[in-house]
Amino acid sequence: MSTSTPPGQYKAKQSWQSPEMAAAYRLSRDPSRFTRYDREEKIIKSWLADLPAQALVLDVPCGTGRFIPLLTSKGFRYTGADFSRAMIQEAKRMAGERPTVGFTNADVEFLPFRDQAVDCVIIWRFLHHIGDSATRQAMLREAARVTRRKVLVSFHHPISFTHWRKLLQQKVLGGEPRGHAVSHWQLQKEGEASGLRLVETKGFRKYVSVNWFACFEKPGSARLSRLATS
């Protein structure tokens, strides 16, 4: 599905660039306001359970650092990247005294990391901003390049009650679309074209809630993990 926004120049890329907007984003996404955050974190923990101790996890875009407490408390090494320098400053405030590897100003399509630099890449609450398949695939290709093992993503599914309700509200009330949906079948194809294998999808209430989550693995990642620990 194409949009009026050119590939690589999606609206979210221009948002949250100022310190004021980044601070407002952090307050509006306070975990205490959303019970779904706990459920999402359980999904992430289940998919990270087989990673080795001290595994390096790249959170991109890291936003204001929501996953820092979760990942560092589980003994993972955390590194964050975001296109917005203002968001990175908020993430550093979130980190506080928690140990992190560091933060990088980066575009998800052009990650400044060497091949197989991390054990897992998390792309969370972001793909629904991307209406262009080529742009999503570029992001997945970069994630596949820099990871040794896994790529975890969240996305909006079009075959869901919530999605159709939003479409109806948009038709009645007008305004711009609130998020771009992609099916797990399409995402699987994009992942495969990027060098990733879809191993599992989860959701709160599949085909009811628009929020879905996917775990990709890099073919041969188990062998790479054994070599790294031998």
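Start by selecting the side chains of E90 and R26: a polar contact of 2.6 Å joins them. The model on screen is a predicted one.

E90 sits in helix α4, which covers residues 85–95. Is E90 buried or exposed? Its relative accessibility is 6%, and because the cut-off for buried is under 20%, E90 counts as buried.

Next, select what surrounds E90. With neighbours within four places in sequence left aside, E90 is in contact with P19, A22, A23, R26 and T64.

Then bring up helix α1, residues 19–28, together with α4. Two packed helices are described by the angle between their axes and the distance between the axes. Here α1 and α4 pack at an angle of about 50 degrees, and their axes are 8 Å apart. The angle makes α1 oblique to α4. Where α1 passes α4, the crossing is right-handed.

To see which residues make this contact, select P19, A22, A23, Y25 and R26 on the α1 side. On the α4 side, select A86, M87 and E90. Colour the selection by class: the contact of α1 with α4 has 6 nonpolar residues, 2 charged residues and no polar ones.

Finish by returning to R26 and E90. R26 belongs to the α1 side of the helix contact and E90 to the α4 side, and the polar contact of 2.6 Å joins their side chains.

Note on methods
Residues numbered from 1 in each chain as written. Predicted model: local features only at pLDDT ≥ 70, side-chain atom pairs only at ≥ 80, totals over all residues. Heavy atoms only, no water. Axes fitted to C-alpha atoms, helices over the stretch in contact; angles between N-to-C directions. Helix = DSSP H or I, 4+ residues; strand = E, 2+ residues; numbered from the N terminus. Parallel < 35°, antiparallel > 145°, perpendicular 65-115°, else oblique. Left-handed = near helix turned anticlockwise from the far one by under 90°. Contact = heavy atoms within 4.5 Å. Nonpolar A, V, L, I, M, F, W, Y, C, P; charged D, E, K, R; others polar. Buried < 20%, exposed > 50% of the residue type's maximum accessible area, 1.4 Å probe, protein only. Polar contact = N/O pair within 3.5 Å; in protein donor to acceptor, adjacent residues only side chain to side chain.
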